[in-house]
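I opened the notebook to look up pockets and helix packing. My entries follow.

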Amino acid sequence: MGRHAGWIAWHSGLAGGANVILIPERPFVIEEVCEYIEHRFASHYSPIVVVAEGAVPEQGTMPSHLGEVDAFGHVRLTGIGMLLEAEIAQRTGKEARVTVLGHVQRGGSPTAFDRVLATRFGLHAVDALHDGRWGQMVALHGTAIELVPLSEATAEPKLVPPELFAEAEVFFG
């Protein structure tokens, strides 16, 4: 949900008009982030920075936020928002505030599209079970529901591609 892939941050940042989006797929340079923030303040508007929990600065550009290892052997990613709040305030001289949305951003009432998609997924999943098509999952490709082998779906993480990030980056600053 943001540890390795920045999909939620990318979508919410683009939809919410963020001035900067920071995702794990693309290490950031704090100086560039502060330039975007300063540019936004210069237009007499407050900037919005959306940060995925796994976002990391480029090596040596600012302190890291990595925490201890959890019971599953994963590094606990804590505090990137708080770390950025302090760095931005110090570097720009402007007040910065962090809001951790956590699970709140993943909630909300389903839209009509969500309800129809869930119904279609359920229908196709039941059909797959009825036909004995094990080890597969339903997936949306365009507007079509297709079965995808689980081994294919989980072979590697689905990351935000650079060209998609570049679409959002046009609006930074």
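Which residues lie nearest the centre of the largest pocket? I found Val-49, Val-50, Val-51, Val-98 and Thr-99 there, among 38 lining residues.

I noted the basis. This is a predicted model, where local features need pLDDT of at least 70, side-chain atom pairs count only at pLDDT 80 or more, and totals for chains, interfaces and linings use all residues. Residues are numbered from 1 along each chain as its sequence is written, and side-chain values use heavy atoms, without hydrogens and water.

Entry: largest pocket. I read a volume of about 1100 Å³. A pocket here is an open set of points on a 1 Å grid over the protein atoms alone, where a 1.4 Å probe fits, with protein on both sides within 12 Å along at least five of seven lines; lining residues have an atom within 4 Å of a point. The volume is the space filled by probe spheres set on the points, joined across faces, edges and corners. α1 (7-15), α2 (30-42), β2 (49-51) and α3 (80-92) each supply at least two lining residues. Helices (H or I, at least four residues) and strands (E, at least two) are DSSP runs, numbered from the N terminus. The largest share, 6 residues, comes from α3.

Entry: second largest pocket. I read about 210 Å³. Its lining includes Phe-121, Met-137, His-141 and Lys-158. Strand β5 (residues 136-141) gives the largest share, 4 residues.

Entry: helix packing. I looked up α1 against α6 (residues 162-169) and found their axes 10 Å apart, at about 30°. Axes are lines fitted to C-alpha atoms over the stretch in contact, with angles from 0 to 180 degrees between N-to-C directions. The two helices are therefore roughly parallel (angles under 35 degrees).

Technical notes:
Angles under 35 degrees count as roughly parallel, over 145 as roughly antiparallel, 65 to 115 as roughly perpendicular and the rest as oblique.
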